[in-house]
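Trainee: Please pick one part of this model and take me through it closely. Start with the overall layout, then go to the part, then show me how the rest compares in kind.

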Amino acid sequence: MIDENERIEILNQYQLLDTEPESEYDNITYIASTLCDTPISTITLVDRYRQWFKSKIGLTNNESSRESSFCSLAIEKSAETIVIEKLMEDEDFKKVGLLNGLTNEGFYAGVPIKDNESGAVLGTLCVIDYVNKKLSDKQIKSLEILAEQTSKLFSLHRKFKKLSDNNEYLHLKYSELEKFAGVISHDMKSPLNNIISLIRLIKENTETALKDENFEYLNLIEECSLQLKDYIDGILNYYKLDSIDLSIKDELLISETVEEIKKMLSIDSNVTISYASEYNSLKMSKFALIQLLVNLISNGIKYNDKENITIGIVFKQLENNYLIEISDNGIGIKSDDFDKIYKSFKNLNIKDRYGNYGTGMGLSSVKKIVDKLKGTISISSDINKGTTFKIILPS
């Protein structure tokens with residue numbers, strides 16, 4: 001049996017609530033009203049706290065509370081067609097009738113509109129009158145046929161939305177790949193060409209004896225290689241997120257997770273990472289949490305000109321959410337650049353403490369993870385004082 005939360009979830013998947021009127025639905029309510037000779041007919045979707053009309057005849061409001069909803073009461077009482085010929089003589093419907101201004105008489109008939117796959121009742125096709133009324137078997141059967149057609153329209157709408165969303169996603173991926181190809185041709189060729197040139201210089205100079213400057217060449221080769229490695233790793237991690245299911249939650253101990261990250265980053269003695277937490281553990285994807293913290297902590301270390309680097313992590317419990325704050329005492333970020341830092345392949349042309357430019361992939365990966373987890377991320381920063389990222393994730 002489908003419970004209310006599951007029913008609401010299925011309803012939301014249709015993405016019909018609060019959409020604009022459409023003639024296909026208006027035609028159905030017009031036919032229903034004419035067929036049954038009633039002043040009111042609606043295609044009603046029953047949301048958690050309200051009923052909303054996809055189409056309506058004889059009403060001015062687009063929605064009302066569930067307490068004053070005949071359709072809400074109808075689907076609570078039965079998953080099949082319900083007809084109340086003398087509405088004000090029915091104990092349950094009378095209460096709702098009074099809320100809607102009825103006094104002595106009233107009529108209601110509602111046919112459930114169902115999700116074809118699960119059978120969940122999304123709402124009703126209904127007809128309402130201010131006086132008592134009786135429908136023939138043919139009229140009731142006709143209403144049921146119209147409700148079935150409405151259900152098919154809903155399914156078509158849902159399929160169309162999925163196709164539209166997929167098309168937008170593919171268009172976005174194509175744009176990213178197009179951008180990726182252009183950036184790669186420039187940013188990856190440059191360090192590779194440097195490596196090739198430096199190797200040739202070493203070959204020429206080592207025909208007799210290894211000269212002192214060759215050590216400098218080797219250091220530059222290592223620097224370029226590491227820069228290229230960071231770039232490739234960032235790209236791979238970014239696109240790896242598309243194939244990883246972040247909805248699978250692990251029970252993670254805060255203390256163990258922080259220690260694991262310290263080992264991964266090979267923290268120097270001048271770097272202090274501390275944390276405070278309102279809870280000992282949390283439930284979320286381990287991959288996601290590790291990636292979020294590693295990227296933000298490593299940024300706080302690299303873009304830091306202080307002799308002693310401090311990174312602070314705070315875990316707080318909000319209502320139905322986790323709040324994670326990562327703060328550093330680094331160089332800070334200009335407020336004008338807040339919107340730029342999450343863009344793929346975008347860096348701020350600032351060298352880190354090791355003399356390297358960023359890949360532009362770390363913070364874009366952070367934003368991508370937060371979005372996939374349906375969370376939010378915000379930033380506050382003071383130049384030369386430090387930066388704080390606040391991440392809110394569903395618990």
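Mentor: The protein has 10 helices and 13 strands. The model is predicted. Of its 395 residues, 43% are buried. Its accessible surface comes to about 22200 Å². Carbon and sulfur atoms hold 51% of that surface. Now look at contacts with a separation of 6 or more: residues 24 or more positions apart account for 65% of them.

Go to the strand 12 end. Strand 12 pairs with strand 13 in the antiparallel sense, over seven bridges. Within that pairing, Ile 377 stands opposite Ile 391 of strand 13.

Now zoom in on one residue. Thr 387 lies in strand 13, which spans residues 386-394. Is Thr 387 buried or exposed? The cut-off for buried is under 20% relative accessible area. Thr 387 has 4% relative accessibility, so it counts as buried. Its side chain makes a polar contact with the side chain of Ser 381, at 2.8 Å. Set aside residues up to four places away in sequence. Thr 387 then touches Ile 326, Ser 327, Asp 328, Gly 332, Ile 333, Ile 379, Ser 380 and Ser 381.

Asn 384 sits in the loop between strand 12 and strand 13. Asn 384 has a positive phi of about 70 degrees, although it is not a glycine. Most residues other than glycine have a negative phi.

Next, an aromatic pair in this region. The structure holds seven such pairs. In one of them, Tyr 279 and Tyr 322 are tilted: 5.4 Å centre to centre, with 50 degrees between the planes. Tyr 279 lies in the loop between strand 8 and strand 9 (281-284), and Tyr 322 lies in strand 11, so the pair ties together parts that are 43 residues apart in sequence. Tyr 279 and Tyr 322 are both buried.

Six strands form an open sheet in the order 3-2-1-6-5-4, with antiparallel pairing. Strand 3 (63-65) and strand 4 (82-84) stand at the edges with a single partner strand each, so one side of each is left without a neighbour in the sheet. The twist here averages 25 degrees from one strand to the next. Strand 1 (residues 40-46) and strand 2 (residues 50-57) run antiparallel and are joined by six bridges. Val 46 stands opposite Gln 51 of strand 2.

Take helix 3 (residues 70-77). Six of its eight residues are buried, so the helix is largely enclosed by the rest of the structure. The buried residues are Phe 70, Cys 71, Ser 72, Leu 73, Ala 74 and Ile 75. At the start of helix 3, a side-chain oxygen of Ser 69 reaches to within 3.3 Å of the backbone nitrogen of Cys 71.

Then Cys 36, in helix 2 (residues 23-36). Its relative accessibility is 2%, so Cys 36 counts as buried. Cys 36 is in contact with Val 127, Lys 133, Leu 135, Gln 139 and Leu 143, leaving aside neighbours within four places in sequence. Cys 36 and Ile 128 are 92 residues apart in sequence, yet 9.2 Å apart in space, C-alpha to C-alpha.

Finally, Asp 18 lies in the loop between helix 1 (4-13) and helix 2. Asp 18 is not a glycine, but its phi is positive, about 65 degrees. Elsewhere, ring pairs link Tyr 14, Tyr 25 and Phe 154 into a cluster.

Definitions and conventions:
Residues numbered from 1 in each chain as written. Predicted model: local features only at pLDDT ≥ 70, side-chain atom pairs only at ≥ 80, totals over all residues. Heavy atoms only, no water. Helix = DSSP H or I, 4+ residues; strand = E, 2+ residues; numbered from the N terminus. Buried < 20%, exposed > 50% of the residue type's maximum accessible area, 1.4 Å probe, protein only. Polar contact = N/O pair within 3.5 Å; in protein donor to acceptor, adjacent residues only side chain to side chain. Contact = heavy atoms within 4.5 Å. Areas by Shrake-Rupley, 256 points an atom, 1.4 Å probe, with all protein chains shown as cover. Pairing = 2+ DSSP bridges. Phe/Tyr/Trp six-rings, centres within 6.5 Å; stacked < 30°, edge-to-face > 60°. Axes fitted to C-alpha atoms, helices over the stretch in contact; angles between N-to-C directions.
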